[in-house]
Amino acid sequence: MHIAKVLITDNIDEICTNSLRSAGIHVDVKVGLTKEQLVADISQYDALVVRSQTKVTADVIQAGKPQLKLVGRAGTGVDNIDLKAASAAGVMVLNTPMGNTMSAAEHTCAMIMACSRNIPQGNEALKAGNWKLRSKLMGNELYEKTIGIIGLGRIGREVATRMQAFGMKTIGYDPLVPPQASKEFGVEGLSLEQIWPQADYLTIHVPLIPQTKNLLCDDVFAKCKPGFRVVNVARGGVVDEDALLRALQSGRCAGAALDVFAEEPPQNAALLQHPRMVATPHLGASTVEGQQRCAAEIAAEVVNASQGKTPNGI
Ligand code: NAD
Ligand code: MLT
């Protein structure tokens, strides 16, 4: 595949630009383009490299034809790329599925702890001079609690082994990981119906696909153990945000921690402001190490593709 010119439209570590340039590829970095600007510019490039901010829609792919041959995603989820349109146009899509696994797993563990021990609420109160709020910030131990892990792929299993170190019982579900396989990393494989009433904590590690949209909804929350907590560092849209707000308001859900939202930036002010809600602005992959790995891996993928080598990502 001939790749002479690459456009980068999101903030991606400079390792990517440097590696591509070292391979003799011309790189333009244009962060913050409007959709119209991207559609106007894309036809000059052989490849487009993005993170999650740029939406690579069917319009962008159409506008890129015939020169655009590859879209590289420096990260895991490819839900910001119209895969159907790319495939119809013969545009290859590559990602770096392992580059930010540890970052996302560690962020999940931090979110589990933050919502168990009210760390953001305590921090906010103390900075506002409110010492007395401490009496209202009673938490729960993780020790001997059960965590249900939905999705036992790369990130789900790293979360499992880390939470086992806190003395948690780890149960989980993944249609592609049979119980004999999950037993090897200490997760008891169960059906979703078995998990809902047993889990004190639920953590989500699935892609956003039609089968997982609103997977956690009113019906599910009604089956969950009273006082459960829910953490989502996967994709917004997997948790029905209105249903989660109802579960928090009714007290059935003791706490929630979300890194990802159906719409980003999130629009659901009532959910964001809920006192038992912990939120981060899609920071799961935002570590120096994770971003450097993704940047290096996506550059290597583009160079490999230009040399006709087999890609590692999708
Ligand atoms: P992965 O592909 O390794 O694992 C996903 C797993 O989900 C697979 O094993 C798959 O079989 C399983 N799955 C699919 N449908 C399911 C269902 N209905 N029920 C249960 N399991 C199901 O992916 P990963 O690298 O572990 O990433 C997991 C998620 O985390 C993705 O959505 C990814 O985009 C997201 N992510 C977010 C951040 C962030 O910054 N917040 C960073 C990295 C990844
Ligand atoms: C991913 O899927 O890799 C994440 O959403 C991280 C990112 O923002 O790139």
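**Loops, helices and ligands**

Modeller: Glu-144 lies in the loop between α6 and β6 (146-150); helices (H or I, at least four residues) and strands (E, at least two) are DSSP runs, numbered from the N terminus. This is a predicted model, in which local features need pLDDT of at least 70, side-chain atom pairs count only at pLDDT 80 or more, and totals for chains, interfaces and linings use all residues. Residues are numbered from 1 along each chain as its sequence is written, while chains are lettered from A and ligands numbered from 1 in the order in which they are written.

Colleague: Is Glu-144 buried or exposed?
Modeller: A residue is buried if 20 or more other C-beta atoms lie within 10 Å of its own, exposed if 12 or fewer, and partly exposed in between, with C-beta atoms placed from the backbone. Glu-144 has 10 other C-beta atoms within 10 Å, so the class is exposed.

Colleague: What is the phi of Glu-144 near?
Modeller: Most residues other than glycine have a negative phi. Glu-144 is a residue other than glycine with a positive value, near 65°.

Colleague: Is His-282 buried or exposed?
Modeller: His-282 lies in the loop between β12 (277-279) and α13 (288-306). Its phi is also positive, about 50°, although His-282 is not a glycine. His-282 has 20 C-beta neighbours inside 10 Å, so it counts as buried.

Colleague: Which residues surround ligand 2, and how many of them are charged?
Modeller: A residue is near a molecule or strand if its C-beta atom, placed from the backbone, lies within 6 Å of it. Ligand 2 is surrounded by Arg-51, Ser-52, Gly-75, Thr-76, Gly-77, Asn-100, His-282, Gly-284 and Ala-285. Ala, Val, Leu, Ile, Met, Phe, Trp, Tyr, Cys and Pro count as nonpolar, Asp, Glu, Lys and Arg as charged, and the others, Gly among them, as polar. The shell around ligand 2 then has one nonpolar residue, seven polar and, as charged, one.

Colleague: Which helix gives the most to the shell around ligand 1?
Modeller: Ligand 1 is surrounded by 31 residues, the closest being Gly-77, Gly-151, Gly-153, Ile-155 and Gly-284. By class they are 15 nonpolar, 12 polar and four charged. At least two residues of this shell come from each of α5 and α7. With three residues, the most is given by α7.

Colleague: How are α5 and α7 placed relative to each other?
Modeller: Helix α5 (residues 101-117) and helix α7 (residues 154-164) pack with their axes 9 Å apart, at an angle of about 50°. Axes are lines fitted to C-alpha atoms, for helices over the stretch in contact, and angles run from 0 to 180 degrees between N-to-C directions. Angles under 35 degrees count as roughly parallel, over 145 as roughly antiparallel, 65 to 115 as roughly perpendicular and the rest as oblique. The two helices α5 and α7 are therefore oblique.

Colleague: What is omega near for the peptide bond from Glu-264 to Pro-265?
Modeller: Pro-265 is in the loop between β11 (253-258) and α12 (269-273). The peptide bond from Glu-264 to Pro-265 is cis, with omega near 0°.
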